[in-house]
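Please keep the sequence and the structure in view while working through the numbered points.

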Amino acid sequence: MSNMNKPHNIYIHVPFCMSKCNYCAFFSSACANPDWDKYATKITSEVSYWSKKLGKTSVPTIFFGGGTPSLMPTKVFERILTEIYSCFDVQPDAEITLESNPGTIDSQKLADFCTIGVNRLSIGVQSLNDDKLRFLGRKHTASDALNLIHNATKQNIRVSGDFIYGLPDETTHDVINICKQINSIGLQHCSLYELTIEENTPFGKMKLCMPDNQTMADMYVAIQENLKLSRYEVSNYAAPGQYCRHNQNIWDGGAYIGIGPTAAGRIFLDNTWYEQIGDGVRFAALSDDERAVEKILTGLRTVHGVELTDDVKKVMNLPFAKSVPDMLRFTEQNRLTVTDQGILVLDDIVTKLVK
Ligand code: SF4
């Protein structure tokens with residue numbers, strides 16, 4: 001099979017954590033000492049599988065997500081990265097992100113990761129309040145997180161922080177404080193996620209008194225008003241030029257290979273789009289309509305919206321889009337974007353927008 005040589009980003013899933021957090025429904029298991037050799041062998045065989053399918057495709061970004069990728073021994077990281085470089089045409093300025101949790105990576109290990117290739121560190125800070133960290137089931141303290149941010153900044157790499165807001169009893173004032181802390185640390189990128197209660201998590205079994213919808217909406221608006229960074233996706237904020245290229249490609253409907261257990265991917269092969277399912281090497285074709293719907297769902301999450309190409313217009317309820325100018329805006333670049341007001345009810349809008 002030949003490929004049109006469309007660039008494909010690569011996502012590697014690392015499904016191990018020190019312990020499970022109380023809110024977490026991601027695919028990961030509490031296992032601080034997994035069989036890393038077995039893991040690396042499985043991952044490198046998937047890398048080689050996809051290079052045989054796609055050829056020496058260009059790779060603009062590589063993202064190690066999890067789980068807790070920073071638990072990985074640096075030798076394992078090096079083995080996987082070496083395989084990717086030998087199988088694909090990794091771009092010289094490739095963005096190589098490692099997700100990390102404070103307390104799992106000291107300054108020497110971080111320096112080693114950076115020497116091998118990491119140039120962007122995404123840190124699971126979640127909160128800078130020790131009581132809240134304990135409540136969330138995190139195993140680190142606020143000062144562990146600040147130390148990791150400090151160490152990463154010294155490595156001269158790009159640094160992002162993940163935060164969770166909307167905890168039980170939290171107020172808009174608390175959220176404004178989080179924003180002020182992020183501003184004073186000087187992070188150039190951060191993700192702020194609303195706490196959602198998932199079934200089959202410890203939080204799912206507790207009767208938590210969550211902030212109501214109006215409070216959540218007020219918190220969301222407060223973030224936009226108080227954070228110095230600009231929102232470029234529903235939950236992501238960055239200084240100019242600091243957005244995550246890997247995730248932006250996904251939201252733009254670009255191609256990416258998912259490697260490792262449960263990793264999702266969108267493969268472009270022989271002029272057809274495929275969805276990866278389950279264990280990384282199984283995939284199924286997507287129809288043009290399915291792809292177009294995906295582009296709407298992900299594109300509208302970003303500030304530059306979705307391009308109104310023919311396939312997108314075919315599955316879109318255009319009369320509805322035109323009927324809510326306070327929620328949806330048509331741009332001169334032939335795109336449809338969501339307004340600040342619309343973003344607060346994005347799920348409702350999308351349900352009505354897709355035919
Ligand atoms: S560290 Fe992340 S992936 Fe692991 S259990 Fe906690 S939230 Fe889930």
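1. The model is predicted. In it, I12 is buried, because 26 other C-beta atoms lie within 10 Å, and a residue counts as buried at 20 or more.

2. I12 is found in strand β1. Apart from neighbours within four places in sequence, the residues in contact with I12 are I43, F64, I80, I259 and G260. The C-alpha atoms of I12 and V47 are separated by 9.4 Å, although these two residues are 35 residues apart along the chain.

3. Helix α2 covers residues 74-87, which makes 14 residues. From its first C-alpha to its last, α2 reaches 20 Å, close to the 20 Å expected at 1.5 Å a residue.

4. Which residues of α2 are buried? They are F77, I80, L81, I84 and C87. Viewed down the axis of α2, these buried residues fall within an arc of 130°, so they line one face of the helix.

5. The buried residues of α2 are covered by several elements, including the strands β1 (9-14), β4 (58-66) and β5 (89-100). The helices α1 (36-54) and α3 (107-116) are also included in this cover. One of the contacts of I12 is I80, which is among the buried residues of α2.

6. Around the ligand stand C17, K20, C21, C24, F26, S28, G66, G67, T68, N101 and G124. How many residues of each class does this shell have? There are four nonpolar, six polar and one charged residues.

Notes:
Residues numbered from 1 in each chain as written. Predicted model: local features only at pLDDT ≥ 70, side-chain atom pairs only at ≥ 80, totals over all residues. Helix = DSSP H or I, 4+ residues; strand = E, 2+ residues; numbered from the N terminus. Expected span 1.5 Å × (residues − 1). Buried ≥ 20, exposed ≤ 12 C-beta atoms within 10 Å, placed from the backbone. Arc of directions from axis to C-beta. Contact = placed C-beta atoms within 7 Å. Near = placed C-beta within 6 Å. Nonpolar A, V, L, I, M, F, W, Y, C, P; charged D, E, K, R; others polar.
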